[in-house]
Amino acid sequence: MAVVWLDDVRADDLELVGGKGASLGELTGAGLPVPPGFVVTAGTYRAFIEDAGIDDELFSAVEVDHEDSAALKEAHETAHDLIMGTPMPEDVREEILDAYRSIGEGDAFVAVRSSATAEDLPDASFAGQQETFLNVQEEELLESVKACWASLFSERAIYYRNRKGFPHDKVDIAVVVQQMVDSEKSGVMFTCHPSTGEKKVIIEAAWGLGEAVVSGTVSPDNYVVNRENGDVETATIADKKTMCVRDEETGQTVNREVSSDKRHERVLTNEEIARLLELGELVEDHYGNPQDVEWAVYDGEVYMLQSRPITTISEGDEDAASDDGKSTNAGDDVIMRGLGASPGIASGRARIVTKLDHLDQVAEGDIIVTEMTMPDMVPAMKRAAGIVTDEGGMTSHAAIVSRELGVPAVVGTGDATSTIADGDIVTIDGDKGTIREGEMPEEEQRQPVEEARPKTPVKPMTATEVKVNVSIPEAAERAAATGADGVGLLRIEHMVLTLGKTPERYIEQNGERAYVDEIVTGVREVAEEFYPRPVRVRTLDAPTDEFRQLEGGENEPREHNPMLGYRGIRRGLDNPNIFRLELQAFRRLFDMGYDNLEVMFPLVNDAEDVVRAKEHMIEAGIDPEKREWGVMIETPAAALSIREMADVGIDFASFGTNDLTQYTLAVDRNNEHVANLYDELHPAVLKLIGDTIETCRDVGVKTSICGQAGSKPKMVQFLVDKGVSSISANIDAVRDVQHEVKRVEQRLLLDSVR
């Protein structure tokens, strides 16, 4: 038989129905509320590949070096094409369709879920490596089953099985077909703390389908429940901006905005939490060990969608929690959540910074907690073990600087400055975006430079250069440790803003020479660290709202949208006195022997801007024929004017994708009402980039990217395909980008000879 019903499945049927199927069968047999369904057996998959004669070719194709990303991708593609291109036997097709038609009214929406025979085991969790398809109906069912089979050979699955020593030809895959729960709310539940083993139930909940919680696309509510008395010890209510739902017209799973009245509303009632606690106890008692449970609520009923052992609790963890339920480890309670903006875990004493004069109170190893960071906080940020902010996102000052310093950071918490008390000992997790009470052992905290240093000693050799972005001189050592080919973007505005005064006020009080010295000192630190690798330095590009926060800022113009206003080269050309001093600093550095410096002008629109900037270079004593110089492509106008700018004599053009995207799509990336429309991979943005690269290749001008998108694999693939000269990535992404570039270049070489 190709199909067995969940009612007839038990735990010892693992080889027949896989880990997920066996678990659901056990839950069904135990009388727990599980949606009805059936399993396309693992034997059906095995017969499919053997009867079709593709098994030997399949297993041979995936015997690759799992550390070779290009080989992994090729293995996955070969296996996928073999399975999807092989017809399913007619008798199997009919048996699956007959089973489907007996669910509900015969036209039910179902979830089609992979269930590998080496999945959800007590000593290893393979969960999440194979595919799941939601809201499937009859016409897509058979192809969805085959896609689940093919997902047994995803790149991640091949890699993980190799690492765990599971032979590919010994692992089969079943497919669970289960009636969809059109959930109003859903989430996950850990019957014990997943890290410490402490006897507390951790529940995460969000609106709509559970896919949003499991995939991490939404920050869910977090509830910590005392198992002894059922009390909710903490309830962290998140800002739930989106949810997964079934589109009533198309039947497809889509993301929708959560209505304003529900975004900050608590998802679970006390009665629902009590029911989950009850079911969690039953599940754990049934299996005899702590469980990770997926659940959903529909029409007032709680359904169990999956249960697997918690594999993250190490031996002795449960004993580490004392009898009174307290633990000596950090993280008994999640105080609050935000965005994990800079990776790492750090513990320290919280210092609430609401005024700049509070910065003197920040000692070595403290955790800065502030509304948002500003450039003049950088010295204190260097001393801190971690950063927490009320406001900001992944491209905020706090996020960028923290990543470059290697300091863990959690941003956008909402109200950390009022929730955390000054002097509290807290642990922040910059990967997960959590803040917890208590202290993490010192040996588990990270050294910033060593974390940036590649763990694999051999640097991937690529024709496309991979450089690194640097915002502050203090990050130079850590940036250089990545093995990058140079610096694709060194911003001088952070050096200027750190002075705490507008350039005009600083010069008024200290003189022009002192201002030039500040720039020379900062740039020299990076140029020296990277020499002879090139360091591309961008002239001042700070919007007026950042200057307004400084001494002397009262003289700054007030603009409705400073990102569209008086900044970049337009400010430099309008106020040449300050611009001239920046160029003097570059000339002094060239005279000192730092011939690895390259000058870059931001926010140019056309050739006229470039001609005027070039004239100022010559006046400052910089020979544009001997020095490398170029422009940022941040506006559609600049992209469309690239040939004329090349005629003026630029050596390179570098894409600033943050600005290019928001100016092309008319989307303010800091405006939460339209932030979901911000997409650096939008076809219009890619066309501007691709056409610019093509023109630059024609006229002998180098191209690069230094925006945030340069660290994204899909953008890397696009750029290398188009022939970009270099890619500049964030410090923590350099080695990943190097490997991605190598993989794409190898594919292009293979394609050229096939």
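Let me begin with a definition: a salt bridge is counted where a side-chain nitrogen of Lys or Arg lies within 4 Å of a carboxyl oxygen of Asp or Glu. Please keep in mind that the model on the screen is a predicted one.

With that rule, consider K185 and E272. Their closest N and O atoms are 3.2 Å apart, and the two residues form a salt bridge. K185 belongs to strand β6, residues 185–190, while E272 belongs to helix α10, residues 270–287, so this bridge ties together parts that lie 87 residues apart in sequence. Both K185 and E272 are buried.

K199 sits in the loop between β6 and β7, and E284 in helix α10, so parts 85 residues apart in sequence are tied together. Are these two residues buried or exposed? K199 has a relative accessibility of 40% and therefore counts as partly exposed. E284, at 8%, counts as buried, because the cut-off for that term is under 20%. This pair also belongs to a network of salt bridges that links K199, R227, E281 and E284.

Next, let us turn to R46 and D172. Their side chains meet in a salt bridge with an N to O distance of 2.5 Å. R46 is found in helix α2, residues 42–51, and D172 in the loop between α7 (155–164) and β5 (173–179); the pair links distant parts of the chain, 126 residues apart. R46 is buried, its relative accessible area being 15%, and D172 is likewise buried, at 14%. How many salt bridges are there by this rule? The count comes to 38.

I now move to the helices. Two packed helices are described by the angle between their axes and the distance between those axes. Here we look at α22, residues 576–591, and α23, residues 607–619: the axes come within 9 Å and cross at roughly 60°. That angle makes α22 oblique to α23, and the crossing is right-handed.

Which residues meet at this contact? From α22 there are P576, F579 and L583, and from α23 there are A613, H616 and M617.

Thank you for your attention.

Technical notes
Residues numbered from 1 in each chain as written. Predicted model: local features only at pLDDT ≥ 70, side-chain atom pairs only at ≥ 80, totals over all residues. Heavy atoms only, no water. Axes fitted to C-alpha atoms, helices over the stretch in contact; angles between N-to-C directions. Helix = DSSP H or I, 4+ residues; strand = E, 2+ residues; numbered from the N terminus. Parallel < 35°, antiparallel > 145°, perpendicular 65-115°, else oblique. Left-handed = near helix turned anticlockwise from the far one by under 90°. Contact = heavy atoms within 4.5 Å. Buried < 20%, exposed > 50% of the residue type's maximum accessible area, 1.4 Å probe, protein only.
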